[in-house]
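Q: I'm new to this one, so could you take me through its aromatic ring pairs and the core around them?

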Amino acid sequence: MTGLLIAITGGALLPFLLILWPSGRPPAVLTSLAEPAEQGDFSDLPTIAGVPARDGTQLAFRAYTPAGRPIAAAVLIHGSSADSRNMHGVGRFLANAGVVAYAVDIRGHGATGRRGDIDYVGQIDDDIEDLLAQIKPRHRGIPLTLIGFSSGGGYALRVAATPRLASRFDRFLLLAPFLHHAGPTARRRAGGWVKPNVPRIVGLSILARLNVPWFQHLPVLAFALPRYLQDRRTLSYSYRLQKSFRPYDDFLGDVRRIDRPARLLIGERDQIFVAEAYKPLLEPIGTIDVEVLPGLGHLDLIKDPGVLSEIATFTVGERAAPSLPHLAGS
């Protein structure tokens, strides 16, 4: 009987012992990604604007407005640890192509909420719904595309699989998207970009399955960024942020639920993900077109002029696309 009580007590305590597991030293700085991500011409960066979420928090974004009447609209979702500045090159190019684009600071990043944490799993979905309620009526009659890069690309897949959100968009474009840490497209620790506290994640996942949302504010992911960027980047994610800013665990089910035009671009030399694994994994499902771009790395997906031209072509649709090639040098 004593042994049984010890076993029961030990089993009950196990999640809490795992949650207390120390995070240890932060990952070594991944200079090949950390520094290039901060480089670029931001002299024409739009100022931050915002709309209120249902909890009163201002959802921050930067609006890229074309000179004339827009022919399409887009919502741009940045990558992990970043904010709306991450999508500046994409937004600027799209505006030159006649697209009005909204680059969002996802809650937990930039000027939206508190860095590295949100209030509950799924809050980002509610934020996107609140944002769309404000901006979509401004652009009736033109197509709206969701464009996500890296973790933002994974989140765009989540949106495409969520009926109340997917129905608000006409197209989905995933740029070098995160799919799943245990899937065939993943490198170990994302090529050195992220350090997970695996025991803590396991402990919190056990509690979550028991509908006990305790301690989900604790950090579980650390990014390979230098400390001097802490005022501009989000250096770590809480459990509830990392669970919300990604596809659902059944990411292939997410792909199967896509019911409108969708495209995925990945650079052949991506440093974070396994580029050659995307096409054989996803294309047989038949809901998304996958293209592997020769010679390109991870950040090239939001910087390379040729890729930006492809993004604009997909966003404006076939009828307007023939007028875009001259923008490749924008």
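A: Let's start with a term: contact means heavy atoms within 4.5 Å. This is a predicted model, where local features need pLDDT of at least 70 and side-chain atom pairs count only at pLDDT 80 or more, while totals for chains, interfaces and linings use all residues. Residues are numbered from 1 along each chain as its sequence is written, and side-chain values use heavy atoms, leaving out hydrogens and water.

Leaving aside neighbours within four places in sequence, Leu94 is in contact with residues including Ala74, Val99, Ile147 and Thr315.

On to the rings. Rings of Phe, Tyr and Trp (its six-membered ring) pair if their centres lie within 6.5 Å; planes under 30 degrees apart count as stacked, over 60 as edge-to-face, and the rest as tilted. That rule gives nine aromatic pairs. One of them joins Phe61 and Tyr102: with centres 5.6 Å apart and planes at 70 degrees, the pair is edge-to-face. Phe61 sits in strand E2 (residues 58-64) and Tyr102 in strand E4 (residues 99-104), so the pair ties together parts 41 residues apart in sequence. Strands here are DSSP runs (E, at least two residues) and helices likewise (H or I, at least four), numbered from the N terminus.

Tyr155 is in helix H5 (residues 151-160), and Phe245 is in the loop between helix H9 (239-244) and helix H10 (251-256), 90 residues apart. Both Tyr155 and Phe245 are buried.

Key. Buried means under 20% relative accessible area, exposed over 50%, partly exposed in between (1.4 Å probe, protein chains only).
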